[in-house]
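The following exercises are to be worked with the sequence and the model at hand. Each task is followed by a solution in steps.

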Amino acid sequence: MNLWRLPTIRIDAFAVWRRNIRVWKKLIGPAILMNFGEPILYLLGLGFGLGHFVGEMGGMPYLAFLASGIIASSAMTTATFEGMYSVYTRMDPQRTYEAMMATPLEVDDILAGEMIWCGTKSLFSGIAILAVASLLGVVDGWQALWVLPVVFLIGLCFAGMAMVMSAFATNYDFFNYYFVLAITPMFILSGVFYPVESLPALAQGAVQLLPLTHAVAMTRPLVAGGELTMPLLHIGVLLFYGALGFYTSVVLVRRRLLV
Amino acid sequence: MRNQHPTPEIGPVKDPETLVSARNLVKTFGSYRAVDDIDFDIPRGSCFGFLGPNGAGKTTTLKMLLGLSPQMSGSLLVYGLRIPDQARRVRARTGVVPQADNLDPDFTVMENLRTYATYFGLNPSAISDRLERLLRFAALEKRRDARTDTLSGGMKRRLIIARALINEPEMVVLDEPTTGLDPQARHIIWSRLNELKEQGTTLILTTHYMEEAERLCDELVIMDRGRILDQGSPVALIHRHVEPEVIELRGGKTKGHADAATRHGCRVEQLGSSLYCYTADSGSFIDELRKVQGLTFMHRPTGLEDVFLKLTGRDLRD
């Protein structure tokens with residue numbers, strides 16, 4: 001059996017997605033609190049607090065700038081947490097994948113279902129932030145709804161990479177590396193809190209390699225208004241990272257579980 | 001005695017009454033040969049056992065049948081389908097009871113059954129009668145809404161067995177189904193497995209419990225260090241390998257009796273502080289033992305355990 005063969009995408013993946021959404025529904029209270037609480041804190045705390053001193057940024061009120069960036073970074077962290085802690089829990093200590101693999105489900109189906117579920121959770125977070133942002137009056141118009149499919153895509157992108165980390169992990173502490181070396185730098189450097197143009201020239205080039213930079217470049221104009229430049233490039237980068245992460249994680253999990 | 005190896009060119013049997021046919025299966029982990037060139041055929045409707053000490057290769061063999069541990073070499077047909085290429089189709093028709101509990105802790109008893117049904121592409125609402133029947137089979141009607149972490153070990157096992165029947169499988173694969181259970185719980189599991197057998201479901205199980213193998217298995221292989229040492233029905237194996245009776249002497253002063261046992265024609269084996277004297281005619285030796293003051297001995301017909309110990313040796317396995 002060839003561990004490197006390309007994953008097969010089947011409708012079976014939705015059985016895994018449905019399992020996860022059923023669990024999510026049981027814990028809907030804390031889930032919704034998390035979806036709304038976090039962005040409200042960021043937007044009110046930083047948006048009004050810091051915004052008071054900053055005034056405008058990138059040609060828009062700081063609150064609008066922040067909201068349109070946070071929607072991307074929240075999609076990232078939501079999918080990353082789910083793709084690491086939850087996926088690892090189901091794969092290793094909880095043995096949920098072992099139970100699934102005794103049925104017709106294959107590693108390909110399980111990880112595809114997990115990835116779509118991560119995107120779905122990112123979408124929930126995006127809906128919550130968009131709702132809060134529009135109540136605060138910083139959403140430019142109905143075209144902002146286009147950000148929702150983008151947020152789903154951002155979730156897929158980061159889920160793929162997070163699942164690669166899960167496939168390597170032997171314990172939860174391992175994820176600290178990825179957070180400190182990848183997620184936190186992106187959170188700070190990719191234009192969520194200030195325009196990437198304010199970075200030194202060399203760093204500006206480097207952040208173009210980071211998927212979150214391209215995610216923010218999509219969500220900002222869609223939510224806060226302004227010209228959407230090079231959307232195909234941004235979508236392409238997100239798709240590239242997502243596909244590479246998915247393929248790599250499938251190969252690694254096959255190697256880990258099919259022994 | 002080894003199994004008869006057919007020449008490799010003939011390949012596995014395609015008889016419809018043969019559910020599983022394995023030839024020259026090998027699985028290595030580095031230099032360790034977990035499964036070392038084994039052959040076996042499992043007929044439909046029987047209970048087939050893999051008996052062996054820890055590390056014999058039993059679990060690896062079961063995982064191979066399901067395509068979950070791809071073999072290094074050798075050929076494997078299940079329902080006439082080639083493994084691992086067509087493992088998905090095989091698993092769709094098979095039930096699996098794993099060694100470790102892997103019930104979904106995020107769900108209740110009934111939710112576990114319903115969710116598992118969806119993994120087979122079944123709509124749980126459309127098979128609600130079947131799910132109720134399985135809940136009764138597991139004797140868990142009263143615990144339908146309980147979280148699985150509140151169940152006892154025996155209840156969890158019963159639920160896992162019920163879960164393995166959700167797709168109405170032709171064959172159920174059980175990896176040490178009663179390990180870690182108390183005697184009452186084990187008897188309930190055995191009666192459920194016998195029910196399944198009576199309904200014509202093929203059972204394949206691994207165990208290191210002789211009693212379990214003798215009660216359930218029509219045919220079994222004894223495995224050790226990745227190889228099959230012998231195959232047959234429990235009675236046939238006992239008949240083939242050991243004398244009909246054994247006298248077991250326990251306690252510190254058994255050594256002195258070894259010579260006497262040999263003189264009476266017994267085959268003698270020492271295990272720990274016990275002396276086992278195997279014989280076809282125990283009469284004269286027993287008469288002699290009865291005369292010894294304060295000696296504890298037990299006279300019983302030989303069983304699978306004696307065969308097992310003879311074939312796999314008496315050294316400790318970890």
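**Exercise 1.** Does A:Ile32 count as buried, partly exposed or exposed, and why?

*Solution.* The model is a predicted one, in which local features need pLDDT of at least 70, side-chain atom pairs count only at pLDDT 80 or more, and totals for chains, interfaces and linings use all residues. Residues are numbered from 1 along each chain as its sequence is written, chains are lettered from A and ligands numbered from 1 in the order in which they are written, and side-chain values use heavy atoms, without hydrogens and water.

Step 1. Locate the residue: A:Ile32 lies in helix H2 (residues 28–54) of chain A. Helices (H or I, at least four residues) and strands (E, at least two) are DSSP runs, numbered from the N terminus.

Step 2. Apply the cut-offs: buried means under 20% relative accessible area, exposed over 50%, and partly exposed in between (1.4 Å probe, protein chains only). A:Ile32 counts as partly exposed because its relative accessibility is 39%.

**Exercise 2.** Describe the interface of chain A and chain B.

*Solution.* Step 1. Begin with area. The size of an interface is often given as the accessible area lost when the parts come together. Here about 2,300 Å² is buried between chain A and chain B, and carbon and sulfur atoms give 56% of it; the value is the accessible area (1.4 Å probe) that two parts lose on being put together, summed over both.

Step 1. Chain A contributes 25 residues and chain B 29 residues to the contact (heavy atoms within 4.5 Å).

Step 2. Examine the charged pairs. Six salt bridges cross the interface, each a side-chain nitrogen of Lys or Arg within 4 Å of a carboxyl oxygen of Asp or Glu. A salt bridge joins the side chains of A:Asp109 and B:Arg88 (3.3 Å, N to O).

Step 3. Assign elements. On the side of chain A that touches chain B, helix H1 (13–26) and helix H4 (96–101) of chain A are the elements that give two or more residues. H1(A) gives the most, with six residues.

**Exercise 3.** Why is helix H1 (residues 58–65) of chain B described as largely enclosed by the rest of the structure?

*Solution.* Step 1. Identify the buried residues of H1(B): B:Lys58, B:Thr60, B:Thr61, B:Leu62, B:Met64 and B:Leu65.

Step 1. Conclude: six of the eight residues of this helix are buried, so H1(B) is largely enclosed.

Step 2. Inspect what follows: just after H1(B), B:Gly67 takes a positive phi of about 75°.
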